[in-house]
Amino acid sequence: MTKNTEEDTKETVEEPLPEGEPTPIDHEEFSEDSEPETDESPESALLKRLDEAEEKAKENQEKYLRSVADLDNFRRRTARERDELRDFAVGSVVEDLLPAMDNLRLGLEAADNHPEAKDVAYGFQMVADQLKKTLEGYGLKESTPTGEDFDPNLHDCMAHEAHEEVPEGKVIKTVRPGYTLKKRLLRAASVIVSSGSPSEEDGGADSSAEES
């Protein structure tokens, strides 16, 4: 009885695998029941992909709107800089023409004292008017502030004179007209400003003498 038991034990002992041989896989351990379960259904996966696509589309739309706004700002800035450059160039040319316009104006004023030169003066007056009109088309505006309040920002006071009718601080006479180009001052008008009536000045002087 003991002998048979020893033989059975020998039969059941498995021989060791040679080194380097892969371990046999028990396919029963990897049945369908052992696969990992996932909670995500095909519908939820599709909805997730749809949400991601919508988020991406929203992001692209924001980038597009920013690009359009940047392009619009660039166009406006370029147009403004172009206009400023053109106005600066026109202003430089007009400033160079102002002395010639002054001489033409003085010549026409002097011609008024010579009736024999009336026809010639008329022709030069037409030229002066045409030149003035052309420059006005570029935004030039002439300023002759006679009778207006003196403004140190726009007028250059050459002298103060007493005047019976013109109140103090008013412009009595425009010696040389001023010019602006699209609200840009090219040249201040040279003027004579009233210091009040002579009687007020004399009264002020008399009172000062009495006080002394």
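Reader: Among contacts in the protein chain between residues at least 6 apart in sequence, what percentage joins residues at least 24 apart?

Author: This is a predicted model, in which local features need pLDDT of at least 70 and side-chain atom pairs count only at pLDDT 80 or more, whereas totals for chains, interfaces and linings use all residues. Residues are numbered from 1 along each chain as its sequence is written, and side-chain values use heavy atoms, with hydrogens and water left out. A contact here means heavy atoms within 4.5 Å. Of the contacts in the protein chain between residues at least 6 apart in sequence, the share joining residues at least 24 apart is 64%.

Reader: In what order do the elements of the protein chain run from the N terminus on?

Author: Helices (H or I, at least four residues) and strands (E, at least two) are DSSP runs, numbered from the N terminus. The protein chain holds 4 helices and 6 strands, and from the N terminus on these elements run α-α-α-β-β-β-β-β-β-α.

Reader: What percentage of the 212 residues in the protein chain is buried?

Author: A residue is called buried under 20% relative accessible area, exposed over 50%, and partly exposed in between, with a 1.4 Å probe and protein chains only. Of the 212 residues in the protein chain, the buried ones make up 16%.

Reader: How far apart are the end C-alpha atoms of helix 2?

Author: The expected span of a helix is 1.5 Å times one less than its number of residues. The 70 residues of helix 2 should therefore span 104 Å, and this agrees with the separation of its end C-alpha atoms, which is 101 Å.

Reader: At which residue does helix 2 bend, with a proline following within four residues?

Author: The bend at a residue is the angle between axes fitted to the seven residues ending there and the seven starting there. In helix 2 this angle is about 35 degrees, and the proline that follows within four residues is P99, the bend itself being placed at L97.

Reader: Which residues does V90 touch, not counting residues up to four places away in sequence?

Author: V90 lies in helix 2, where the buried residues also include V94, L98 and M101. V90 counts as buried because its relative accessible area is 18%. Its C-alpha atom is separated by 9.4 Å from that of G139, 49 residues apart along the chain. Leaving out residues up to four places away in sequence, V90 touches Y138 and L181.

Reader: Why do the buried residues of helix 3 line one face of the helix, and within what arc do they fall?

Author: Helix 3 (residues 118-136) has A121, A128 and L135 as its buried residues. Their arc is that of the directions from the helix axis to the C-beta atoms. On the other side of helix 3, D119, Y122, Q130 and K133 are exposed. The buried residues line one face because, seen down the axis of helix 3, they fall within an arc of 50 degrees.

Reader: Which residue in the turn of the hairpin formed by strand 4 and strand 5 has a positive phi?

Author: Strand 4 and strand 5 run antiparallel and are joined by 3 bridges, with Y179 having R187 in strand 5 as its bridge partner. The hairpin leaves 2 residues between the strands, and the one in the turn with a positive phi of about 50 degrees is K182.

Reader: In strand 6, which residue is the bridge partner of V171?

Author: An open sheet of 3 strands with mixed pairing has the order 2-6-3. Strand 2 (155-161) and strand 3 (171-176) each have a single partner strand, so they stand at the edges. Strand 3 pairs with strand 6 (residues 189-194) in the antiparallel sense over 4 bridges, and in strand 6 the bridge partner of V171 is V193.

Reader: Is H155 buried or exposed?

Author: H155 lies in strand 2 and, not counting residues up to four places away in sequence, touches P145, D149, F150, V171, A188, A189 and V191. Because its relative accessibility is 7%, H155 counts as buried.

Notes
Two strands pair if DSSP finds at least two bridges between them.
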